[in-house]
Amino acid sequence: MNAEPDPRTSFETSGVDLEAAVHMYQDAYGSDGFRATRTDRAFSYRFRVTGDDTMSFRSTRFDARMEGEVESGDEYVVMWLADGGGIVDVGRQEVAFRPGTPMMFPTGRPFAFDLQDVRQSLVQFERTFLERVAAEEHGTQPAPLVFDHTQAPRTEDLRGWNTHVQRAAETVLGNGPVSPLVLAETARDTALALLRTFPHTALAPDVTLPQGATGRVREAVEYMHAFAHTPITTTDVAEHVGLSVRGLQQAFQRQVGSAPNGMLRGIRLDRVREELRRSAPGEVTVAAVAVRWGFAHLGRFSGAYAARFGEYPRDTLHG
């Protein structure tokens, strides 16, 4: 009987050419516009990825400063450092990234980074695989997951995560042959460890779409629903669906007769109303809920809320 083929694929490259390194990383992360500058270290880089379509391990050594913007797209990614550091999600929900604590990629939108002289490791999961494991774990239907990259995992959870990652790395990165079954079991165990370690929310899979919304407009509305709780703007929405802001506005006007910024504001107002209805007056304040959903100017928020629902937010909370 023939042995099953090893399901893993591997790619590795290294060198001392800064420009070649930038192009390689842009290709690896499906992005462009990366900028690299030399530091006090003699420049060299090394990049390795091993795994299958479900889960892969990546490792990076980059002796320079790198700035740019990436989006996780069809993957969920957790990363950690052995050396170096910098800032992740520059200009938005900034987090200092340094050795000692792993971090999830911000999910569902592009994010900027500024890192220097890093020794970095990453585990990447294919999106639908992790969402399916999460649905089985939580007893729900598969849905997009949103990880809070600003919230550090608990110490006891990190210990469990580190144990699982070390065990998985021995399998995925080992020199011996690995069967598809063993690799699948390793991916599932590691996915469960990730879900139990990193704070996340599974979003409702059912989205009410406006009549006439198709193609990129439909995708844009789904994206708004999925990430309304994050500080996305219509610029982010346009980038997500591959249109200019003007192109997105024109598509919305043609298909649904409204502006995308009005749609996003309406979704957020609906979420505020849902939260106020579920809460008791002593548990939350209108101001806190409004700010959480991106409404900084409370006077304008109250007026928009009343126009949409026929009552003021305090009436909903006390109703």
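The protein chain contains eleven helices and ten strands, assigned as DSSP runs numbered from the N terminus (helices: H or I, at least four residues; strands: E, at least two). The model is predicted, so local features need pLDDT of at least 70 and side-chain atom pairs count only at pLDDT 80 or more, while totals for chains, interfaces and linings use all residues. Residues are numbered from 1 along each chain as its sequence is written, and side-chain values use heavy atoms, without hydrogens and water.

**Overall fold**
- The C-alpha trace spans about 65 × 45 × 40 Å along its principal axes.
- Of the 319 residues, 45% count as buried (under 20% relative accessible area, with exposed over 50% and partly exposed in between; 1.4 Å probe, protein chains only).

**Cavities**
- The whole structure holds two cavities of 30 Å³ or more; on a 1 Å grid over the protein atoms alone, a cavity is a set of points where a 1.4 Å probe fits but cannot get out, and lining residues have an atom within 4 Å of a point.
- The largest cavity has a volume of about 260 Å³, the volume being the space filled by probe spheres set on the grid points, which are joined across faces, edges and corners.
- Its lining comprises 19 residues, of which Tyr 29, Met 66, Phe 113, Leu 115 and Gln 120 are the closest to the centre.
- Strands E4 (55–70), E5 (75–88) and E8 (111–126) each supply at least two lining residues, and E8 gives the most, with eight.

**Gly 294**
- Gly 294 lies in the loop between helix H9 (286–292) and helix H10 (298–309).
- Gly 294 is exposed, with a relative accessible area of 58%.

Terms used:
1 Å grid on protein atoms, 1.4 Å probe; cavity = no way out; pocket = protein on both sides within 12 Å on 5 of 7 lines; lining within 4 Å.
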